[in-house]
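Hi,

Here is the structure I promised to pass on. Have a look at it first, and then read my notes below.

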Amino acid sequence: MNMKRGPKIFIFFGTLIVGALFFMALFAPILAGMDPNEMDLKNRLIPPSFTHPFGTDENGSDVFSKIVYGARVSLMVAGSVVFLSASLGLLIGSFAGYKGGWVDLTLMRLIDVVYAFPGFLLALSLVAVLGPSLKNLIIAMSLTGWASFARLVRGEVLYLRQKEYVLSSRALGANPLREIVFHIWPNLFGILFVQATFAMAGVIIAESGLSFLGLGVPATTPSWGALLSSGRKVLFDAPYVSLSAGISIMVLVLGFNLLGDGLRDVFDPRRQLKG
Amino acid sequence: MSGYILKRFLALIPVLLGVGTISFLLVHFIPGDPVDLILGDRASLEDKANLRASLNLDQPLTTQYLTYWKGLFQGDMGQSLRTHRPVAALIQERFPATFELALSAVVLALLIGVPAGALAGAKPYSTADMTGLGYGILGISLPAIFLAPVLIYVFSMKLDWFPVSERSGWDSLVLPALSLAVPLSAVILRICRASMLEVTGEDYIRTARSKGLSERKVYLVHALRNALIPVITIVGLQLGALLTGTVITETIFDWPGIGTLLLSAIQQRDYPVVQGCVLFIAVIYVTVNFLTDLAYGFANPRIRLQDS
C-alpha cells in the first residue's frame, strides 16, 4: 500500500460500515421484521435459524431485531453526546483561546478539573445520582466529554488568531464575533470533525458499557450493552447472544475508528506519518 | 529539573481543590431529598432526622462543605450507610486487588505492544507492519464488555484452563488482565509504530548508521530508546485509568476492586461510599498523571528545558 492510498481505503471502509449501520438504524422497523421486546417463552434460546438469524434470547425475543433496534440507540446517543460536547467545547475553547488572559486561565483550570476524572467513571456516577434515563445518560456523557474538544479548539484558536489573514480581517475592522465565526472556525472544522469521529467510537463503547451495567438506556429500550448483559447469564448455552451484540459494537466502533484515521491524514497533514 | 517539578506540583493544587468540590457536590446533585431516596417512603420521621444529622445534611451548605474538607484532612471520608464501616477502610481493603489487576494488564500490554510496534515501525508497509496495523485498529475497537465474555467462553467454559471468575490464585488473574491488556496493547502498538517511523528519519539515526553500526544496534539502541518516550505518556495515562478500577472488567470477573465497590455503592444508594470512591479515584488519577509528566520530562530534556 502506498502512502497516498492508505487514507482513502480507511475512509472508504469506514464510510461503508458507518453508512450501512446508519441505514439499518433508520429503517429498523422494516428490517427487524419482529418486535424486539416481544417475548415468546416457548422459543427461548433457539440457536440461529432462518426465522431467527441470530437466535433468540432467554425470553424468546428475536436477537436480530434487538441488534437492528440497538443500532438506533447507539447512534442516537453517540450522535447527541458528540454534537453537544463538540458544540460546548467549540464555544468554550474559542472563548478561552480568543480572550486569553485570566478568562483563559480560569477556563483552563476548569478543563483540568474535568480532565482529572476518568470520563467513564464520572459519567457513571453522574447517571447514578441523576437517575438512569436516556436524557440523563446524554447529559452525563456530554458534561464529561466537552473538555477534550475545548482543549483542542483552544489550542487551534491560539494558533489561528495570529495568522495573517485573521490579522488582516481584524485590521479591516471585523468585530471579534465575525473574526471567530468567519475566519477562525472554518479552519478548525476539519480537525474538530476528526476528533468528533473518534469521539463517536469512544461514546459508543462507553454507552454500551453503561447500559451493560444497567446505568445506561432504560431496560425497555433494546440496546447492545443490555443484550450483552443478558447474554452473559446464558453464555454457556447461547454464546450467539453475546457474540452478535459484541460484534455489532465492535464493527460500528471499528467503522468510526477507520473513518477517523483516514480523515486525520487528510485534515491534519502535520501528523500524516503517525499511522 | 526541580523548577519543573515544583511548577507541575503547584498546578496540582487548584485541580485537587476542584476535584474535592465536585465529589462534595455530587451528592447534592441528587434530585429530591437524598434521605428519602436512601430510606424509602415508609421510614419514620425520627429515622429521617437521625440520618440527616449523621450526614450533616441539616447544616447550611457552607458548613457542610467546611466539615467535609476538615474530615478529608484528617483522613475521614465518612461512613458507609449500609455496613457502617469507615469509607477509607473499605477503599483500603479493595485497592490491592485493583492495583494487582492494573499492573498486570499494563505489563502484559507493554510486552505485546512495544516489540510489535517497534517491528512494524522499523519496516513500514511490510507484512509485519500490515498485520500490526490490523491488530492495532481491531484492538482499539474491542470493548471489554465483548472481549471478556469471549475469553471466558473460550478459555474457561470450553477449554477449562482458567477459573470463570473471582479472585483466587494467579490463574484467576490471567483472563481479566488479558481483557484489559489487548485494547491497551493496540494503543501502545500504534503509538510505538508512529514514533518509530518518526525517529528513524532523524539525523542521529543517519549518524549512527554512517558510524557503521549494525542495523540491530541502530534500531535497538538508538531508535527504540527515543521512540519509547511518547509511550511513557500513554502508558502513564492508561495506568491511571486502570488503577481507578475498571468497573466493567471487575464486574464481569467478580473482581473485588474499587470499580465493583463503587458500582455496588451506587446500586445500594450508599452515597458516602460513592463520594469517597469518586474522590479517591480522581486523586489517584491526578497523581499518576503528575508522575507521568515528571517521567516524561525526565526522559525528554527538551520538555523540561522549554518549560523552565
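Which residues in α8(A) and α9(A) meet? On the α8(A) side they are Glu207(A), Ser208(A), Gly209(A), Leu210(A), Ser211(A) and Phe212(A), and on the α9(A) side Trp224(A), Gly225(A), Ala226(A), Leu228(A) and Ser229(A). Contact here is a matter of C-beta atoms, placed from the backbone, lying within 7 Å. By class that contact has 5 nonpolar, 5 polar and 1 charged residues. (Nonpolar covers Ala, Val, Leu, Ile, Met, Phe, Trp, Tyr, Cys and Pro; charged covers Asp, Glu, Lys and Arg; the others, Gly among them, are polar.)

Before I go on, a word on what you're looking at. It's a predicted model, where local features need pLDDT of at least 70 and side-chain atom pairs count only at pLDDT 80 or more, while totals for chains, interfaces and linings use all residues. Residues are numbered from 1 along each chain as its sequence is written, and chains are lettered from A and ligands numbered from 1 in the order in which they are written.

Chain A first. It has 10 helices and 0 strands, with helices and strands taken as DSSP runs numbered from the N terminus (H or I, at least four residues, for a helix; E, at least two, for a strand). The C-alpha trace of chain A spans about 75 × 50 × 30 Å along its principal axes.

Back to that pair: the axes of α8(A) and α9(A), the latter being residues 224-233, come within 7 Å and cross at roughly 45 degrees. Axes are lines fitted to C-alpha atoms, for helices over the stretch in contact, and the angles run from 0 to 180 degrees between N-to-C directions. The two helices are therefore oblique to each other; under 35 degrees would count as roughly parallel, over 145 as roughly antiparallel, 65 to 115 as roughly perpendicular, and the rest is oblique.

α8(A), residues 176-212, also packs with α6(A): their axes come within 10 Å and cross at roughly 155 degrees. That makes α6(A) roughly antiparallel to α8(A). Among the residues of α6(A) in this contact are Leu137(A), Phe149(A) and Leu160(A), and those of α8(A) include Ile184(A), Gln195(A) and Leu210(A). By class the contact has 15 nonpolar, 3 polar and 1 charged residues.

α6(A) itself (residues 134-160) has 27 residues and reaches 38 Å from its first C-alpha to its last, close to the 39 Å expected. The expected span is 1.5 Å times one less than the number of residues. There's a kink of about 30 degrees in α6(A), centred on Leu143(A), where the bend is the angle between axes fitted to the seven residues ending at a residue and the seven starting there.

Now chain B. α5(B), residues 87-122, has 36 residues and reaches 50 Å, close to the 52 Å expected. This helix bends by about 30 degrees at Arg94(B), and a proline, Pro96(B), follows within four residues. α5(B) packs with α14(B) at an angle of about 55 degrees, with the axes 10 Å apart, and the two are therefore oblique to each other. Val87(B), Leu90(B) and Ile91(B) in α5(B) meet Pro272(B), Val273(B), Gly276(B), Cys277(B) and Phe280(B) in α14(B). That contact has 7 nonpolar, 1 polar and no charged residues.

Last, how do the two chains meet? The contact takes 42 residues from chain B and 37 residues from chain A. On the side of chain B that touches chain A, α7(B) gives the most, with 7 residues. The residues of that side divide into 35 nonpolar, 4 polar and 3 charged.

Cheers

Conventions:
Contact = placed C-beta atoms within 7 Å.
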